[in-house]
Amino acid sequence: MTIRIVALYPELLSIYADRGNVRVLAQRARWRGLDVALAPVRLGEALDPATADVILIGGGQDRDQALVAEALISQAPALRSAIADGVPVLAVCGGYQLLGHRYVDQSGAATPGAGLVDLETIAGSDRLIGNVLVRVELGGAEHDLVGFENHAGRTLLGAGVQPFGRVEAGAGNDGVSGLEGCRVERVIGTYVHGPLLPKNPWLADQLLAWACEHNGLSPDLQALDDTLELAAAAAAAELARVERR
Amino acid sequence: MSARIAAAIRLARATGALSRLTGRGGGTTLPGHVFLRVAPNGLRPLAARLTDGVALVSATNGKTTTAAMLASVLGADHAVCRNSSGANLVTGIATTLASMPAAASIGVLEVDEAALPRIAGAVAPRLIALGNLYRDQLDRHGELEMVASRWRELVARLPAETTLVLCADDPVIDDLGRKHGAVLRYGIDDPAVALPHRDESADSTHCVRCGQPYVYAQVYLGHLGAYRCPSGDHQRGALDVAARDVRLDGVRGTTFRLEAPDGTCTVSLRLPGLYNVENALAAIASAYVLGVPTAVAAERLSAFAAAFGRFERIAVDGREVVLLLFKNPTGANEALRAIRPDVASAQVVLALNDRIADGRDVSWIWDIDFEEAFPGVAGITCTGSRAADLAVRLRYADVEPSVLTTGANVVSAFDCAVEAAPADGRVYVLATYTAMLDLHRVLSDRGLTRPFWDAAS
Ligand SMILES: [Zn+2]
């Protein structure tokens, strides 16, 4: 069986080396003997919800974000149907903002988003930049999420939306609430890029397990030797603690 | 020269002398700061003392090498005034101009991309050579677009007598020449050295005029190549100065046939890689505008050796060590492409720091094509403050764990790699800016290289 990884608009949404996330998911699947199909959806193409086991949405340059927003809105029904079918979605940075209702820039002008999650983003006057450390509860266990954030947007979650995690060091959604990202079932939004999957293998494996499940495969993944990943995660966590406490 | 300018120059020079005396390093910006405080509009009269004019060189990648090449070509006929690579903002340019010797007759100034409009406005250059605009790890939020639009404004108000030397292979740069009269375009024209496909992460994918994605007949590096917009409103301009029949000979060098308005000749560089072909084209085209025949410039370039950390080659205990600076994915990819033919049985040191000058965010290593970059390599050492991130990156690039070592200290990692190499072996060091600086300082203390500011100026 083949795990089908779909990156949305990688030609525009890869500002923070988002293809690293695709690479990590694919490799961790291959190392477990699974076949992998990379099927990016490019601008002008339609997402077929029946052909995805996991969907990745990255971040883009401001200039391209409006272009992508329009395209993503047109794909919202397909995305909704995939999500309802249990396909996990990881949306990072600009992609995270696009999950919401709108992005309001500094002049007050609003760009609509795909409206998949009840949240909205308002541009702040400064950028929130630096190494970041977040505590995440997922699958009944606590995890450290480490990486880098760089965003001007302040994201506010709707009343029924859970954050992905709580900020230990760094700014998170808005720099004040202590919340980071969003999670609704298998849809995860986050400002942590890095790309984030290389240093957070537990998250990569959770997405893979969900993808396997969607594909009718066993979600019990064989353990890998993550010594290098854990060393990098520990070093990054230390940087975040020292810099941003 | 007005009394105010003369006084400002004296003060700037005294400041420079003082900072050298106190051993605070090269003193490459403070004197300029002092100068501009005393004479805020003093850059123009300063630059006007260069009787044969000033050439400005800017680009994301390659401006230091291009400026060094141009200065070395012009150096045979002129006393050249040149700034060091670390001093390419307004204060650095002011320092350079205020402290230049009286004999200096022509200026070759490397200029930071963001500072170019202000400096070009102030010094009335004879020519401006523009190489490329890449997003690098320091500005990943639309600043490339901002720089491009400021460059457009600059070109729009440029006097007709200022010549633009433009890299036609970069769509944004090519388009700058659309309405200017005096333009010389250079580029590569050789399908044999093109990449099989364009990198997904490359910049400037969409037409500067209508927004449609460009179609590339050839891609040379990053987003540089022979492109056209499907709607027909923009394609690469005709090349006035072109490199054809390019032969890449690993780290040993590069040869190509130069076709220029004044004839054809062969250029042999001691520098590897297509990006040095672009740098050489920029230097030769600029020298041509300044009166040097292209064949003469080509001849002079054949002796040109690398600047700080840009394919510098040094001997350490009989081993050949090659130092390569890497600061963004495109530069790194091109460096890897250049060493690939010779990397078998070599030692490689990859040094990644995350200080401000390197970029705090190390995400960009995931945009470097490490996959299949090291066939037959004997050992790879990841080092620097973010060594662990590099090691993870290499694991996902399918690098054999048995060849991989990790250690944070750059100098120890370097020494171990040299020791591990056979007596007549080769060691490649790819390092980010501050890691290269640290290593260079130690190598210079050991008498193996010249100090950075000597090497760069
Ligand atoms: Zn067009």
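**Exercise 1. Compare the radius of gyration of chain A in this predicted model with that of a compact globule.**

Solution. Chain A has 245 residues, and a compact globule of that length would have a radius of gyration near 18 Å. The value for chain A is 17 Å, which agrees. Along the principal axes, the C-alpha atoms fill a box of roughly 50 × 45 × 30 Å. Of the 245 residues, 58% count as buried. Among contacts in chain A with a separation of 6 or more, 70% join residues 24 or more positions apart.

**Exercise 2. Classify the aromatic pair A:Y96 and A:Y191, and state which parts of chain A the pair ties together.**

Solution. The ring centres lie 5.0 Å apart, with 75° between the planes. An angle over 60 degrees counts as edge-to-face, and the pair is accordingly edge-to-face. A:Y96 lies in helix α4 (residues 94-99) and A:Y191 in the loop between β12 (187-190) and α5 (196-199), so the pair ties together parts that are 95 residues apart in sequence. Both A:Y96 and A:Y191 are buried.

**Exercise 3. Which residues form one aromatic cluster with B:Y396, and what sits over the ring of B:Y396?**

Solution. A:W31 and B:W366 form the cluster with B:Y396. The charged end of B:R395 sits over the B:Y396 ring, 5.6 Å from its centre.

How values were computed: Residues are numbered from 1 along each chain as its sequence is written. Chains are lettered from A and ligands numbered from 1 in the order in which they are written. This is a predicted model: local features need pLDDT of at least 70, side-chain atom pairs count only at pLDDT 80 or more; totals for chains, interfaces and linings use all residues. Side-chain values use heavy atoms; hydrogens and water are left out. Rings of Phe, Tyr and Trp (its six-membered ring) pair if their centres lie within 6.5 Å; planes under 30 degrees apart count as stacked, over 60 as edge-to-face and the rest as tilted. Helices (H or I, at least four residues) and strands (E, at least two) are DSSP runs, numbered from the N terminus. Buried means under 20% relative accessible area, exposed over 50%, partly exposed in between (1.4 Å probe, protein chains only). A charge sits over a ring if NZ of Lys or CZ of Arg is within 6 Å of the ring centre and within 35 degrees of the ring normal. The radius of gyration is taken over C-alpha atoms; the globule rule is 2.2 Å times the number of residues to the power 0.38. Contact means heavy atoms within 4.5 Å.
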